[in-house]
Amino acid sequence: MPLLEPRANPSRLMQWTAPLIAIVLTLLVGALLFYSLHVSPLKAFYVFFIEPLETSNGWSELALKASPLILIAEGLALGFRARIYNIGAEGQLLIGAICASGVAIYSNGAEAWWVLPAMVVAGAIGGGLWGAIPAWLKTHFNAEETLTTLMLTYVATLLLSWLVSVPWRDPGGSNFPQSIMFNDNALFTLLFEGLRVNTSVFITIAAVLIFWVFVSRSFTAFQIAVGGQAPAAAHYAGFSSRKTVWLSLVISGLAAGIAGAGEVAGPVGQLTLSLSPGYGYAAIIVAWVGRLHPLGIVLSGILMAMIYIGGDAGQVSLQLPSAITGLFQGMLLFFLLGADAFVNYRLKRRKPRSLHKKVTA
Amino acid sequence: MIENLTPILVGTLGAATPLVFAGLGELVAEKTGVINLGVEGMMLIGAIAAFAAAVSTDGNLAVGLIAGALAGALASLPFGILTLSLGANQAASGLALTIFGLGLSAFIGQGFVSYSLSGVKPIAIPLLSKIPLLGPVLFNQDIVVYLSFVTFGLVAWVLAKTRLGLVLRAVGESPEAAHAIGYPVIAIRYGAVLFGGAMAGIAGAYLSVVYTPLWVQNMTAGRGWIAVALVVFATWKPARLMLGAYLFGGMTILQLHAQGLGVAIPPQFLSALPYIATIVVLVLISRDRKLLQLNLPASLGKPFIAGG
């Protein structure tokens, strides 16, 4: 017995209520989870979501984590609108970080002003190129981008592992797989003395504005969106699906690459194996929870950053396992997709009997 | 070289076994029109459930496998509800399942990091295992490898020769027609998704209880995704899936042996080979659009809401 029937028109109300429903359900299940771990849910929520924001350091960390998440998600959302599922932003981020680090390492000692800008550009190019590979594979060989972007992420991880263990390993670093610490001219300037948040957040703010204008004003963005929602109509209108694939993957790779540069030239300060706590994957959720909308993504990026910070705080003060962050991320996406069903469908109402007879007769 | 060949081939079968189980499960689900990108997550959940169950029963393999299968099937259930009952996007839901599985398995696994199991001894089949070369490779394996042969035989036979197989394929080719004839399309797809979950769970169980045998966070390392790619490579044919799985198993083992023999290539580059090979294989198959169209289950990835 089918439970759902299609709505005549997608519900705009549900479109924006769905993320709220998903957040509430995630918190409810989270409360049960805390309870089963013998932690008072109220105390846990306080430690997770309120305590970190009682200090200026907490706000600094929030901005520091939200920034790459938002930047990557803005790029991904562009592709998701066109149903190009780049799920390898993590790999594009790592390649961006690698390219930016290359600039920092080979210019080490040069007291030049251009080092940091060059790192950002290198990160953008690296991430963009890493996104261009699946775009080429898709347009020329019809290979699924979901699988190729993901496989390339594993390749990027191994490349990073080789670089920090052999050619770029810090000779004075007691054999740890990590590069030298970067000079000040290879790092973003701190915004406030003693806090880690830095000027890279302005890149994200600029990106949000650019994406907002691009999505709402440009014809290209319109073509991309039509290509995703009505491929046949897009084809009829002469919109190139190849162009959509290239734009989606290169732009999202570029954004992720810049985010990677921001990590090594920011809070991390060197090239290491653990430079990203899965930002590339979490940004996928951020894009969806933010309804693929440039401003919605800002809100969902802040929420996701809170989950990261809360997870860290819960580990320190409640001895909760750190993996709880991933669990919350997964639940949030699950509940969102479930709530999203009600954008296009509604619960089936019982049909009058007479009508039913007519159908079967 | 020849004296190295036997251990390489023996290892190949072991390395391929998780891919065989996970790939066959995904193949059956896709045959009914459902693409589940959550294989990686289901494998991880199966791996930790099996490991936990085996640790608490002094390494009982059967308990581990059953726990893995049950956990994998259970993990596939939210994906089924989302995509089959609520008509959600299959790619997004599968991805959600993978992210969730990574988180959940790491969460549960934090208590099991320090444990280890003794593994499983191979069982030599009398007489057959004495055949030169082939004997030790095919007939001196652990019981799960034999089980993978049986599973392959069953899946291939059911899909090709039985009424059930016909119904499964019909649901994948044209759910509307199957529904009109009176087959419960949604229920059949639920069955296929749960089967895929159980198979992925067994694949994970093999990794954590037999192959490694340890629990390591994110220990599947992309094998679930490779299994999804193998189904495309196999053009939805079980025999070709086996071929693909052994090819990848062989590559994994060769890479380990190359490292052991001191080949002057950085180990990271060798480790990257299976992932690069997956891309190459996908490209080779996908560029032949006709071949793909001919074999692709027609309704793959499309939601079906009865009466919708």
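Modeller: Glu61(A) and Lys65(A) form a salt bridge, with 3.7 Å between the closest N and O atoms. A salt bridge here is a side-chain nitrogen of Lys or Arg within 4 Å of a carboxyl oxygen of Asp or Glu. Please note that this is a predicted model: local features need pLDDT of at least 70, side-chain atom pairs count only at pLDDT 80 or more, and totals for chains, interfaces and linings use all residues. Residues are numbered from 1 along each chain as its sequence is written, chains are lettered from A and ligands numbered from 1 in the order in which they are written, and side-chain values use heavy atoms, with hydrogens and water left out.

Biologist: Where do Glu61(A) and Lys65(A) lie?

Modeller: Both belong to helix H3 (residues 56-81) of chain A, four residues apart, which is about one turn of the helix. Helices (H or I, at least four residues) and strands (E, at least two) are DSSP runs, numbered from the N terminus.

Biologist: Is Glu61(A) buried or exposed?

Modeller: Glu61(A) is buried, and Lys65(A) is buried as well. Buried means under 20% relative accessible area, exposed over 50%, and partly exposed in between (1.4 Å probe, protein chains only).

Biologist: How many salt bridges are there over all chains?

Modeller: A search of the whole structure finds four. One of them joins Glu145(A) to Lys138(A), with the closest N and O atoms 2.8 Å apart. Glu145(A) is buried because its relative accessible area is 2%, whereas Lys138(A), at 21%, counts as partly exposed.

Biologist: What does Arg291(A) pair with?

Modeller: Arg291(A) forms a salt bridge with Asp340(A), and their closest N and O atoms are 2.6 Å apart. Arg291(A) lies in the loop between helix H11 (279-289) and helix H12 (294-318) of chain A, and Asp340(A) in helix H13 (residues 324-344) of chain A, so the pair ties together parts that are 49 residues apart in sequence. Arg291(A) is buried at 9% relative accessible area, and Asp340(A) is buried at 17%. Salt bridges that share partners also join Glu61(A), Lys65(A) and Arg196(A) into one network.

Biologist: Turning to Glu263(A), where is it?

Modeller: Glu263(A) is in helix H10 (residues 241-264) of chain A, and it counts as buried because its relative accessibility is 6%. Leaving aside neighbours within four places in sequence, its contacts include Pro68(A), Leu275(A) and Tyr279(A).

Biologist: Which side chain has a polar contact with Trp168(A)?

Modeller: The side chain of Tyr106(A), at 3.0 Å. A polar contact is a pair of N or O atoms within 3.5 Å; within protein, one must be able to donate a hydrogen and the other to accept it, and residues adjacent in sequence count only if both atoms are side-chain atoms. Trp168(A) lies in the loop between helix H6 (145-165) and H7 of chain A, and at 12% relative accessibility it counts as buried.

Terms used
Contact means heavy atoms within 4.5 Å.
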